[in-house]
Protein chains: 2
Amino acid sequence: MLRNVKRPADAIDEQRLWRRQMELARFGARPDGGVNRQALSAEDIAARRQLIAWATARGFACSVDSIGNLFVRRAGRNPDAAPVLTGSHLDSQPAGGKFDGAYGVMAGLEALEALEDLGISTERPIELVAWCNEEGGRFPPGAMGSAAYGGAQKLDDLLAIRDWEGVTVEAALRTTLAATPEAPLRTLGGKPAAYVEAHIEQGPLLEAARTTIGVVTGIQGAQWYHVEVIGSEAHAGTAPLKTRRDALKAAMAMIAALEQLMADETDTVRFTVGRFDVTPNSTNTVPGRVLFTIDFRHPDAAVLARLGGAIEGVCRAHARGCEVHVSKTLDMSPIRFDAAIQQRIDFTAGELGLSRMAIASGAFHDAKYMNPLCPSGMIFVPCEKGISHNPVENATAGDLAAGARVLVEVLLQLAGQ
Amino acid sequence: MLRNVKRPADAIDEQRLWRRQMELARFGARPDGGVNRQALSAEDIAARRQLIAWATARGFACSVDSIGNLFVRRAGRNPDAAPVLTGSHLDSQPAGGKFDGAYGVMAGLEALEALEDLGISTERPIELVAWCNEEGGRFPPGAMGSAAYGGAQKLDDLLAIRDWEGVTVEAALRTTLAATPEAPLRTLGGKPAAYVEAHIEQGPLLEAARTTIGVVTGIQGAQWYHVEVIGSEAHAGTAPLKTRRDALKAAMAMIAALEQLMADETDTVRFTVGRFDVTPNSTNTVPGRVLFTIDFRHPDAAVLARLGGAIEGVCRAHARGCEVHVSKTLDMSPIRFDAAIQQRIDFTAGELGLSRMAIASGAFHDAKYMNPLCPSGMIFVPCEKGISHNPVENATAGDLAAGARVLVEVLLQLAGQ
């Protein structure tokens, strides 16, 4: 077979992609096999330097914007055309894995390499981006880089955010940019021709369906609430139960009633009480205060509104004499990705003989902030047991390569051969 | 009226007693009006020095034993007779009040002062004791001093216990004893003729019944459990509810079922879940592990055994696919105080025109460890709204004085005029 009759999907090098995933995982490697590579940390800087080294070795130009998004550009024939953008993020949760985010960046790099290996030129430039601070663990909120790029958040507000030690985003960025002089500063923002992000599913559906490619239809909406329950502290030995205002037992009654509210035979609603803080949290003291969080998600905006609107009433109805304060701390509408991008992913996966299915993203992604700017979409690949945000997060080399094969073909279609 | 026809109850000085309560509360005073005077701390040492100063000013002899119990002795006519013992403790909870423990010591001192004021001599010596470390906040377990005195715990084991900073009881005691040279070392233990302890109720029953004196019948039994629930962490956005093993929701189901188990129309069972620790305790992560505690109490040993025996089965029945580990961390049998002491307290309160009622102690007290050694009893006085272990703990000067009036009369009867 002649080299130039190969299609780019065939030039995806499974071994090279896997090796780079593993090399990247050394930056912030945890003893348990996971990764702790928080945004703008020394580990993140080292990972950025590695990406720049790989990119410049192939002659790709690097640049960085004023919120720390790092770009790798493979030029097109028309330098004035809006680029096709792909990527994800290099930062991880404190107890994160090797693939969340990192895969989307490595798959994008592998796509550029495959095009380069085949000597294929494109009309539009293709740019790979490593969005800054998607996880938000060190500097909340997450998806900071894509939010600033898309104009959803103001740069100055983001630069002033501090981590637990009081370090600002601005100071951490200064250190980061100084350590990556090969990437000159570029203007923040832009309007790409399209955006396609590859990512591990972070859920169990593809694996359960023995399906390789998830054609992502959109990102479900989410609401977060803080529920503060204020009762009275009392001595566990002396206070009769009838006189108590036990904040813990009231909170439990609320959560049991919320489970009823959120009950869903289709198992589409995601209802989680993830945080539960008791004061004073002592064996022999009746809890005087509980703060718990609600995270619930659904792809349908009407369902989100109906359930979210019922939460405060349900909590009040089960307060058992305690004070209740319910506040909404997050309200993200569901988004739907561009239908044409979904069709391209679906069709291309079929052409390549890969099993695929439509799937809604349960997690947030940077693609959320690209969707209003340009036709956007995501390609999911399975991860082991659906486990993510966890050191044991895992995926197979074959599935990662399959996702990259779909990605490079779709990028090539969008960039124009 | 001639001075020596006064009865000792009449010599109780309400103002002096109240003033001393307030003076004592300066040691470890918190900005919120409460007291933080943990065992063998600088604040505890200062309170001990103040007690010694008050005692020696009246010519009472002080001594301290090898676990740090501080004694004040008013001599009797027969130096070889076993003393009548009264007292309580000077240490407080970290967020404690002015009266828990401190009242029993101040009431005992006031009783000695009243006898001294009237020049009444007794056959037996009367000793006031400030038991070391009743609260157990810094060095668990509590009631350390009385347990060592009564032989329920070994001195060497207790001396080796460390606080959060690694300081041993032995080291803290050495500092304490060096700071109180006016109190020479005495032999640990003994067999008093009787023990009577005055204390605020720490519950709401006396106040609710508008009754001044609680004739304490005994101390209810208690069992403590740790329940560990192990599920799996999962992403709140992606994991379908049917696939989850949510440790928090399983723990809630267990606690709801335990509430059913412990349901009691007579409101005698005290059932508390005071501590509830969630891992990783993050809004968007399904909890993988919960540790919660159970504290339940009842005056009847058979009820304690029946309910305690059912706990593990109830937890397992509501585990929702999670692992469960139930372990008993405390098992205290109920105790009954000496009937004759109860009768003396009851009769004396009646003689003094004070309302009184029989009451079981919901909280532990040092009297627990005296009960096996000698006829023992307790006198309760009301505290505001039953609130204790709390900076707002409060009591009236009149009620405190009433308790001291009963105490001094009972001590005199027991010591022999």
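I began with burial in chain B. Phe71(B) and Tyr149(B) are both buried (under 20% relative accessible area; exposed is over 50%, partly exposed in between, with a 1.4 Å probe and protein chains only).

A note on the model. It is predicted, so I kept in mind that local features need pLDDT of at least 70 and side-chain atom pairs pLDDT 80 or more, while totals for chains, interfaces and linings use all residues. Residues are numbered from 1 along each chain as written, chains are lettered from A and ligands numbered from 1 in written order, and side-chain values use heavy atoms, without hydrogens and water.

Next, the ring pairs. I searched the whole structure and got 15 aromatic pairs over all chains (Phe, Tyr or six-membered Trp ring centres within 6.5 Å; planes under 30 degrees apart are stacked, over 60 edge-to-face, the rest tilted). Tyr225(A) and Phe296(A) are stacked, because their planes meet at 15°, with centres 6.5 Å apart. Tyr225(A) sits in strand E7 (residues 221-230) of chain A and Phe296(A) in strand E12 (residues 289-298), so the pair ties together parts 71 residues apart in sequence (strands are DSSP runs of at least two residues, helices of at least four, numbered from the N terminus). Tyr225(A) is buried at 6% relative accessibility. Phe296(A) is buried at 0%.

I also checked chain A for a cluster. Phe71(A), Trp131(A), Tyr149(A) and Tyr195(A) form one.

Last, charges over rings (NZ of Lys or CZ of Arg within 6 Å of the ring centre and within 35 degrees of the ring normal). Lys368(A) lies over the face of Tyr369(A), 5.5 Å from the ring centre. Arg297(B) lies over Phe364(B), at 4.6 Å.
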